[in-house]
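Here's a run through the labels put on this model, with the cut-offs behind them. Have the coordinates open while you read.

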Amino acid sequence: MTEYPLSQDQIDELNAAEAEALQDDYDSLGRQLARRGIAIDEVKEKVAAFSVAVPSWGAGRGGTRFAKFPIAGEPTNIHEKLEDCAVVNQLGRNTPRVSPHFPWDKVSDYDALREEAAAFGLGFDAVNSNTFQDQADQTHSYRNGSLAANDPAVRAQAVEHNIECIEIGQKLGSNALTVWVGDGTNFPGQQDLARSLDRYLDAAAQVYSALPDDWRMLLEHKMFEPAFYSTVISDWGSSILAAQELGDKAQCLVDLGHHAPNVNIEQIVARLHRFGKLGGFHFNDSKYGDDDLDTGSINPHQLFLVFNELVEAELHPRNGFNPAYMIDQSHNVTDPIESMLSSAEAIAGAYAKAVIVDREALYAAQESNDVMMGFQALRRAYRTDVSPIVAKARAEAGGAIDVLGAYRASGWRDRKAQERQPVGLGAGIV
Ligand code: LRH
Ligand code: MN
């Protein structure tokens, strides 16, 4: 029996007050969609089956290199982070998995951690390694890179850490390792651009060879930061070539914030799928750099266009379609739980909009080069308010119709502020 952290009775009471209005909105949308030949309940079933993982590091306040401003009652360890992730899943009912990060989430007993999460109705998605920071007990520094470092001892240490993450992930019931390395340079001439990649590929191949049969390795590209002149795996091109070089169990992870402004990310999604290398996502939003803002908060149309490509890929699976959906955000100014609730809702909404695209009309317009009607086929879906579908799917699963209202009514953060240790001032993402 799942031990949900919030009072389900309170959620049910709040829902009871909103149920009639939701049903009215749902029925009205249902009639609208029926006129388009779309059965709203079928869309709702798809949305009900859709889920996205939350990042353990997203449960705490994030920061920048300048500062981090903690809030009272924010989690201080993985146990409290799991509690908060359970609150997000209890209210939103579409985030049943947590993506952990090591050594940030290190514990002594991973079997116990798996049971702890399971008691909350949570599982673990892809595990994240970390060779972009030095730990106090570390032998070799990653200051000059990790998997691409020119010092073989440093590369060996980074390989060992990634293999340790796989072993931890196996205990947690995960089946994927996300590898993002910040390796790169700040000056032309600092490192040889070709040999850096050779070293990365050699080290990554050693990690790859440690993967269990049913696992995959998700390579996460990023244009810049922490390196500001060159990054070893800087774009989808470097990532797909590395994944092809490594083997079938290596795929590419698209973090929406890791591209230059105005890059056509939805086309990258289509390309990665075409070549069987679409491994997963880190959903977030950005206006300038890797801002890690709440998904859909800045460019919801881009998110819709990404999901339009994902629905296309799902309908035309080619070499298989099983991307890992995960959120990766830094909550610098909001209550992290509210941001994860709002983002998970925005992601489910983007998916629902993509599901209601009239693909026959779209294909007919594309075939006949009817540019305007091709665009209108997408625009019509995008401007449809699908929130009654997302709320209905959530409420039928036991979640809250108004997730933020229910969260605030629960007084969860104030309660945790009484119980939890205050988090010190600092800087950086965690
Ligand atoms: C790098 C990144 C990566 C994580 C880190 C927290 O920018 O997106 O996915 O390891 O953020
Ligand atoms: Mn990421």
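Helices here are DSSP runs of H or I with at least four residues, strands are DSSP runs of E with at least two, and both are numbered from the N terminus. This is a predicted model, with local features needing pLDDT of at least 70 and side-chain atom pairs pLDDT 80 or more, while totals for chains, interfaces and linings use all residues. Residues are numbered from 1 along each chain as its sequence is written, chains are lettered from A and ligands numbered from 1 in the order in which they are written, and side-chain values use heavy atoms, with hydrogens and water left out.

Q: Where is T131 found?
A: T131 sits in the loop between β4 (127–128) and α5 (152–172).

Q: Why is T131 called buried?
A: Buried means under 20% relative accessible area, exposed means over 50%, and partly exposed is in between (1.4 Å probe, protein chains only). T131 comes in at 2%, so it counts as buried.

Q: What makes the T131 and S146 side chains a polar contact?
A: The term asks for a pair of N or O atoms within 3.5 Å; within protein, one must be able to donate a hydrogen and the other to accept it, and residues adjacent in sequence count only if both atoms are side-chain atoms. The T131 and S146 side chains are joined at 2.9 Å, so the pair gets the label.

Q: Which residues are closest to ligand 1?
A: The closest are H101, E220, K222, D255 and D328, out of 12 residues that surround ligand 1. To be near, a residue needs a heavy atom within 4 Å.

Q: How do you know that H101, D255 and D290 make polar contacts with ligand 1?
A: Check the distances to its oxygen atoms. A polar side-chain atom of H101 lies 2.8 Å from one, and D255 has a polar side-chain atom 3.0 Å from an oxygen of the ligand. For D290, a side-chain N or O atom is 3.1 Å from a ligand oxygen. The protein covers 95% of the 300 Å² of accessible area that ligand 1 has on its own (Shrake-Rupley method, 1.4 Å probe; for residues, only the protein chains shown count as cover).

Q: Why is F228 called exposed?
A: Its relative accessible area is 51%, so F228 passes the over 50% cut-off. F228 is in the loop between β7 (216–220) and β8 (230–231).

Q: What makes M223, F224 and F228 a patch?
A: They form a nonpolar surface patch with about 270 Å² of accessible area together. Patch members have over 30% relative accessible area and no salt bridge; nonpolar side chains (Val, Leu, Ile, Met, Phe, Trp, Tyr) are joined within 5 Å, like charges within 9 Å. A salt bridge would be a side-chain nitrogen of Lys or Arg within 4 Å of a carboxyl oxygen of Asp or Glu.

Q: What about R271, buried or partly exposed?
A: R271 has 36% relative accessible area, so it's partly exposed. R271 lies in helix α8 (residues 265–274).

Q: Why is D292 called buried?
A: D292 has 7% relative accessibility, so it lands under the 20% limit. Its phi is positive too, near 50°.
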